Each structure stands twice: as structure tokens, then as C-alpha cells.
Amino acid sequence: MAATYDFPSDLLAGQEELHQVRAELLALLKRLPWSVEPLDGFSDDAGWRKVERPASPGWSADEQAEVEKLRERERELAVFVTCHRFWAEVATVEKVDARMSLKHAHKTEEGPRGDEEPA
């Protein structure tokens with residue numbers, strides 16, 4: 001049976017925000033054109049599978065700024081979560097289990113969400 005951990009509220013909040021930022025970034029990247037810069041479309045069937053891309057208008061300056069803002073926030077939160085003082089209290093052999101428990105802590109508090117991606 002997996003151990004239960006008494007995570008500090010700021011660590012739980014940081015992990016939850018990290019989930020939200022990653023989901024928001026993923027949704028934004030799915031909406032944007034495949035290329036940051038404007039590029040012509042192409043078709044290549046010389047490899048082991050055919051690859052096709054339509055012409056890309058590129059990303060606007062606002063879209064680029066939004067992606068960078070989300071990526072920067074994701075980095076800040078990842079550092080906060082992984083370097084939190086709580087991890088010094090966890091035995092080395094339990095850290096992986098504790099980290100996995102933290103990643104899924106929101107599921108046990110609220111029940112599983114259908115809109116989430118693995119972290």
C-alpha cells in the first residue's frame with residue numbers, strides 16, 4: 001500500500017497551478033499554426049511515413065509572447081515544486097513515491113478530472 005504524505009498547502013497549490021499552466025500551454029500550442037515563422041507547406045513521402053504540412057502563417061507577436069509567458073511560468077513552478085523544502089523531510093527511497101503522490105493529489109481531493117493531461 002502506498003504511503004500517504006502530509007504535503008504543505010503551498011506545495012499542493014504550486015503543483016495544481018503547474019497542472020493548470022501546462023494544460024493551458026498545451027491547449028494554446030494545439031491552436032497555433034505548426035510553425036512559429038511563416039513557412040510554405042510541404043509533402044514528403046520519401047521516409048518511412050508520409051509527412052505533410054499546410055502552409056503556416058506563423059505566430060503573431062502576441063501569440064509568441066503568450067507562449068513564452070506560459071513557458072516561463074511553467075519553469076518557475078517546476079523549480080518551486082521540485083526544490084520545495086518539503087522534499088528534505090522525505091527519505092530518499094520514498095521521494096519518487098511521494099512525488100507521484102503529489103502529482104495526483106488533486107484527484108483524491110476532488111475526484112478525477114476528465115480534462116487533464118499526465119504531468
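Buried means under 20% relative accessible area, exposed over 50%, and partly exposed in between (1.4 Å probe, protein chains only). This is a predicted model, in which local features need pLDDT of at least 70 and side-chain atom pairs count only at pLDDT 80 or more, while totals for chains, interfaces and linings use all residues. Residues are numbered from 1 along each chain as its sequence is written, and side-chain values use heavy atoms, without hydrogens or water.

Select helix 1, residues 9-31. Helices (H or I, at least four residues) and strands (E, at least two) are DSSP runs, numbered from the N terminus. The buried residues here include Leu11, Gly14, Leu18, Val21, Leu25 and Leu28; Gln15, Glu16 and His19 are buried as well.

Next, select Trp34, in the loop between helix 1 and strand 1 (42-44). Tryptophan 34 counts as partly exposed because its relative accessibility is 35%.

Move to helix 2, residues 61-82, and pick arginine 75 and glutamate 72, which lie 3 residues apart, about one turn of the helix. Their side chains meet in a salt bridge at 2.8 Å, N to O; the term requires a side-chain nitrogen of Lys or Arg within 4 Å of a carboxyl oxygen of Asp or Glu. Glutamate 72 is partly exposed, at 34% relative accessible area. Salt bridges with shared partners also join Glu17, Arg73 and Glu76 into one network.

Glutamate 68 is partly exposed at 41% relative accessibility, and arginine 75 is partly exposed at 41%.

Finally, select lysine 50 and glutamate 52, whose side chains form a salt bridge at 3.5 Å, N to O. The count by this rule is 8 salt bridges.

Key. Expected span 1.5 Å × (residues − 1).
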